[in-house]
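This report describes one protein chain for a reader who has not seen it before. The sequence and the model come first, and the description follows.

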Amino acid sequence: MSGPSDRLRHFLPDRFESLVSGVRFGQFVSVGVVGAISDNTVLAILGLVFGVPDLWAKAAGIETAILVMFLVNEHWTFSTMGATGRGPFLKRLVKSHIVRSGGVTVQLLVYWFLTQYLAIELVVFETDLWFIAASPIAIAIAMVVNYVFESLFTWQVHRDGAT
C-alpha cells in the first residue's frame, strides 16, 4: 500500500526525491515549532511590553527564530550533511539567511495582510492580540517555502545520494 509520499515521488525528478523524507520533514517541523515559539515570544515581549510596532517586532522575532532554528537544524535535522569546521558552518549560516529570505518575505507579506489589511480583532482582557494570533498562520505558510529552499540550497540533501 502506498502512502502520500510514495505517490508524490512519482512526480519529482530523482534529484529532488530526498525532499519527501518523512523523517527529515518531521524534524524540520519540530524545529519550526521551536522557532515559532522563539518568534512569538519576541513578538509578544516587544509588542506588549515595549510597545514596538507590530511589523518591527515581527521582524525581530523572525531573526531570532532563524538563528535558533539554524542551530538546531545544524546539529539535528541536517547533522550528517555538509563539511565540518568554522568556515563551512559560517558559510551555511550566511546561505541559510539568504535562502530563508524567500520564506521571510512570504511570512512578512502574509503577516502584513492578516494584521494590516484584514480588519480582525481578537480582544482578550481589553488588549487586541490578533497580531500574535496571526503569526502562526504566517509561519506555517512560510515553513513550506523554507523547507524546500533550505533542503536544496543550504544543506543540499539532493547530493551524494542523501536521503
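In this predicted model, E126 is exposed, with a relative accessible area of 80%. E126 lies in the loop between β1 and β2. Its phi is positive, about 65 degrees, although E126 is not a glycine. F125 is found in the loop between β1 (123–124) and β2 (127–128) as well. F125 also has a positive phi without being a glycine, here of about 50 degrees, and F125 is exposed, with a relative accessible area of 79%. The table sets out the values for these loop residues.

| Residue | Phi | Relative accessible area |
|---|---|---|
| F125 | about 50 degrees | 79% |
| E126 | about 65 degrees | 80% |

**Overall layout**

The protein chain has five helices and two strands. Along the sequence, these elements follow the pattern α-α-α-α-β-β-α. Of the 163 residues of the protein chain, 36% count as buried. Among the contacts in the chain with a separation of 6 or more, 71% are between residues 24 or more positions apart.

**Helix α3 and its surroundings**

Which helices do the buried residues of α3 pack against? They pack against α2 (22–49), α4 (86–117) and α5 (130–154). Helix α3 itself spans residues 54–77, and its buried residues are A57, K58, G61, I62, A65, I66, M69, F70, N73, E74 and T77.

V42 is in helix α2. Leaving out residues up to four places away in sequence, V42 touches A57, A60, G61 and T64. The C-alpha atoms of V42 and A65 are 9.0 Å apart, and these residues are 23 residues apart along the chain.

N40 is another residue of helix α2. Is N40 buried or exposed? N40 counts as buried because its relative accessibility is 16%, and the cut-off for buried is under 20%. Beyond its neighbours within four places in sequence, N40 is in contact with K58, I132, S135, P136 and I139.

**Contact of α2 with α5**

The axes of α2 and α5 are 10 Å apart, and the helices pack at an angle of about 145 degrees. Their crossing is right-handed. On the α2 side, the contact is made by R24, F25, F28, V29, A36, D39, N40, L43, A44, G47 and L48. On the α5 side, the residues are F131, I132, S135, P136, I139, M143, N146, Y147 and E150. By class, this contact has 13 nonpolar, four polar and three charged residues.

**Contact of α4 with α5**

How are α4 and α5 placed relative to each other? Their axes come within 8 Å and cross at roughly 150 degrees. Angles over 145 degrees count as roughly antiparallel, so α4 is roughly antiparallel to α5. The crossing of α4 and α5 is right-handed. The residues of this contact divide into 16 nonpolar, eight polar and four charged.

In soluble globular proteins, nonpolar side chains tend to be buried together. In this model, the largest nonpolar core has nine residues: L43, A57, V110, Y111, L114, W130, F131, A134 and A138. At least two residues of this core come from α4, and at least two from α5. The largest share, four residues, is supplied by α5. A second, separate core has five residues, including F28, F78, M143 and Y147.

L43 and F131 belong to the largest core and take part in the contact of α2 with α5. A57, also in the largest core, is one of the buried residues of α3. F28, M143 and Y147 belong to the second core and are among the residues that make the contact of α2 with α5.

How values were computed. Residues numbered from 1 in each chain as written. Predicted model: local features only at pLDDT ≥ 70, side-chain atom pairs only at ≥ 80, totals over all residues. Heavy atoms only, no water. Buried < 20%, exposed > 50% of the residue type's maximum accessible area, 1.4 Å probe, protein only. Contact = heavy atoms within 4.5 Å. Core = buried A, V, L, I, M, F, W, Y, C linked by side-chain atoms within 4.5 Å. Axes fitted to C-alpha atoms, helices over the stretch in contact; angles between N-to-C directions. Parallel < 35°, antiparallel > 145°, perpendicular 65-115°, else oblique. Left-handed = near helix turned anticlockwise from the far one by under 90°. Nonpolar A, V, L, I, M, F, W, Y, C, P; charged D, E, K, R; others polar.
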